[in-house]
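Please open the structure in a viewer and keep the sequence at hand.

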Number of protein chains: 2
Amino acid sequence: MTATRTHTLTRERVHHAWDNSLPPLLTIDSGDTVVFETRDASDGFITPQTTIEDLLPPRPFRGHPLTGPVCVRDAAPGDTLEIEILELQPGSYGWTRFSPGRGLLPDDFDRPFFHLWDLTRDPAPFRRGVRVPLEPFLGVMGVTLAQPGAHSTMPPRRNGGNIDTKQLTTGARLYLPVLVEGALFSCGDGHAAQGDGEVCITAIECDMTATLRFTLHKGRELPEFQFRTAGPLLSRTNSREWYATTGHGPDLIEAARNAVRHMIGYLVREHGLTREEAYILCSVAVDLKLSEVVDAPNWVVSAFLPLSLFER
Amino acid sequence: MTATRTHTLTRERVHHAWDNSLPPLLTIDSGDTVVFETRDASDGFITPQTTIEDLLPPRPFRGHPLTGPVCVRDAAPGDTLEIEILELQPGSYGWTRFSPGRGLLPDDFDRPFFHLWDLTRDPAPFRRGVRVPLEPFLGVMGVTLAQPGAHSTMPPRRNGGNIDTKQLTTGARLYLPVLVEGALFSCGDGHAAQGDGEVCITAIECDMTATLRFTLHKGRELPEFQFRTAGPLLSRTNSREWYATTGHGPDLIEAARNAVRHMIGYLVREHGLTREEAYILCSVAVDLKLSEVVDAPNWVVSAFLPLSLFER
């Protein structure tokens, strides 16, 4: 029996693309634990002093800053890499923003919007009477692609990557298919909270310190990423009623758009939020479900808002 | 102040299409309660004695047998009809079936499959070591369409209809846009349990006795149906871990298909179910979520299985 080890990778060195020619920063054995310090999706550009004016000049997105890659000894294509999420510690502040032309509603807003969150408080205050509990996870966890060259970190792929899956909180176990020798795992894009769908394209974005334990399953082939949650879902928000809006039609993206538009309408009308605040709240706390996908020609997408966010 | 009344509609008279020329069986006032007896989706054809052989000769689907319509006095287009679900009592047995060519995986199975459920037990036994808690709701609740003629009950539309929304359990409040004078509400298609997505196209189908209270909101226009849950979600199944499979890609339906295929694989491999049993279990208990819909060109759909279904 070999003793397992704990390693640390600071946020000093990051990379911004999936590229299997990048040399690993670390080589570990199955069973080892790595503490990853990760940078927020703005790569440190956004600070607690940032205002919307600072964000107006368009800046090209280089890709998510990722900490890694980590080489797992003996990992080879056809294996499965298990990542147990032991601990997640968000930084002291977070941010959410949207811009015209991006996100699920690219044409619904004329101007960019920006919100800073104080993450030293949990639930984090949003506006008077509205608070969002923190359920931190990493938006990006992935292994390196087999295809040569530099690949954008933006789309999720068979390697995992930018999967933005909010249930990957502390205690969950993520399973990724290994695609190259050594697996070459990297992570980043910390989110302090997010709804299923992350509709405005940002969650509560933040720095994160993530403690992950790796176990290699030799010869267990996996088609796409899978995971096991730590326990019951929605442990922070599922304490009372939910309000749901829906969209129907033959196109699921358009149905999702309409469900979110109706939720924005509900939040403005019933809870006094501005449209911009409502869109932000949808992105960080509203869950999209596929309610109906078999009764052609129309499907139903539902947007679920936990009413526990509101003070009574 | 007018006293409210309780009315009853038995399952003797049903209709099989949305048609605004159908005369109402009943006219009620806002505030009244109606007890609806509804027939199962097979219109009584399937009984506890039914075998797969009885179902082999293809039978044309006439439409869901619906109990109603009920005219709500003073309701007019532009109003909202609130339906409070006071009580739901499923019949003593239920069924789930699938056939090649239908459902989310029309090409994955060669032969039809059929399962009978004993609903006198809750959780209902499925196979050795697997039980499904009952969370009854009505698959179809709708008002009548403004367009003349007979319209299939199959697709969900702006009138609600076949919305198959599993969260509409006892205590929930459904809001429907009124589209014709009197609203003309009907319901049916009782489900004793279902996953978000109802992937094999049937849930645990059953007779239902539903007690619904109606409240008319004059002049409150609603774009599509909305609802408020009775309390926390998933009160029967969210007691321990969930296992999730995912599908990614540019087409959400194909991503949903792959997530379900991977879940079938997991259920066969890890829990010893046949592929057919696994598909059935996905339809009655696995929830589809939109995990990622903003990072083009790929989206992520997740299929969530509550591990509380399995004996430990």
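Begin with both chains in view. The copies meet through the same surface, because 100% of the interface residues of chain A are also interface residues in chain B. Please bear in mind that this is a predicted model.

**The rotation axis**

How is chain A laid on chain B? A turn of 180° with a shift of 0.0 Å along the axis does so, with an RMSD of 0.0 Å. That is the relation of a two-fold axis. To find the axis in the viewer, select A:Lys289, which comes closest to the rotation axis of the residues of chain A, with its C-alpha at 2.2 Å.

**Two residues with contacts in both chains**

Select B:Val293 next. This residue belongs to the loop of chain B between strand E18 (287-292) and strand E19 (299-306). Is B:Val293 buried or exposed? Its relative accessibility is 2%, so B:Val293 counts as buried, the limit being under 20%. Residues up to four places away in sequence set aside, B:Val293 touches A:Leu104, A:Gly197, A:Ile253 and A:Leu288 in chain A, together with B:Leu252 and B:Trp299 in chain B.

Move to A:Gln167, in the loop of chain A between strand E11 (160-162) and strand E12 (173-177). A:Gln167 is buried, with a relative accessible area of 9%. Which residues is A:Gln167 in contact with, its neighbours within four places in sequence left aside? In chain A they are A:Ala172, A:Asp196, A:Phe227, A:Thr229 and A:Leu233; in chain B they are B:Lys289 and B:Phe304.

**Helix H3 of chain A**

Select residues 275-285 of chain A, which form helix H3. Nine of the eleven residues of this helix are buried, so H3 is largely enclosed by the rest of the structure. The buried residues in H3(A) are A:Glu277, A:Ala278, A:Tyr279, A:Ile280, A:Leu281, A:Cys282, A:Ser283, A:Val284 and A:Ala285. Keep A:Val284 and A:Ala285 highlighted for the next stop.

**The cavities**

Rolling a probe the size of a water molecule over the atoms shows where empty space is left. In this model the count comes to three cavities of 30 Å³ or more. The largest cavity has a volume of about 80 Å³. Which residues lie nearest the centre of the largest cavity? Select A:Glu135, A:Lys166, A:Thr237, A:Val284 and A:Ala285, which hold that position among the 14 residues of its lining. By class, this lining has nine nonpolar, two polar and three charged residues.

**The cysteines**

A disulfide is a covalent bond between the sulfur atoms of two cysteines. How many disulfides are counted over all chains? The count comes to zero. Select A:Cys200 together with A:Cys282: A:Cys200 is in no disulfide, and the sulfur of A:Cys282, the nearest cysteine sulfur, is 9.1 Å away. A:Cys200 is buried, with a relative accessible area of 1%. In chain B, select B:Cys187, which is likewise in no disulfide; the nearest cysteine sulfur, that of B:Cys206, is 13 Å away. B:Cys187 is buried, with a relative accessible area of 0%.

**Backbone details in the loops**

Where is A:Pro123 to be found? A:Pro123 is in the loop between strand E7 (113-118) and strand E8 (124-127) of chain A. A:Pro297 sits in the loop between strand E18 (287-292) and strand E19 (299-306) of chain A.

Select A:Leu234, in the loop between strand E16 (226-228) and strand E17 (242-249) of chain A. A:Leu234 is not a glycine, yet it has a positive phi of about 60°. At 13% relative accessibility, A:Leu234 counts as buried.

End the tour at B:Asp43, in the loop between strand E3 (33-38) and strand E4 (66-72) of chain B. B:Asp43, also not a glycine, has a positive phi of about 60°. At 25% relative accessibility, B:Asp43 counts as partly exposed.

Methods:
Residues are numbered from 1 along each chain as its sequence is written. Chains are lettered from A and ligands numbered from 1 in the order in which they are written. This is a predicted model: local features need pLDDT of at least 70, side-chain atom pairs count only at pLDDT 80 or more; totals for chains, interfaces and linings use all residues. Side-chain values use heavy atoms; hydrogens and water are left out. On a 1 Å grid over the protein atoms alone, a cavity is a set of points where a 1.4 Å probe fits but cannot get out, and a pocket is an open set with protein on both sides within 12 Å along at least five of seven lines; lining residues have an atom within 4 Å of a point. Grid points are joined across faces, edges and corners, and a volume is the space filled by probe spheres set on the points. Ala, Val, Leu, Ile, Met, Phe, Trp, Tyr, Cys and Pro count as nonpolar, Asp, Glu, Lys and Arg as charged, and the others, Gly among them, as polar. Helices (H or I, at least four residues) and strands (E, at least two) are DSSP runs, numbered from the N terminus. Buried means under 20% relative accessible area, exposed over 50%, partly exposed in between (1.4 Å probe, protein chains only). Contact means heavy atoms within 4.5 Å. Copies are superposed by least squares on the C-alpha atoms of residues with pLDDT of at least 70 in both. A disulfide is a pair of cysteine sulfur atoms within 2.5 Å.
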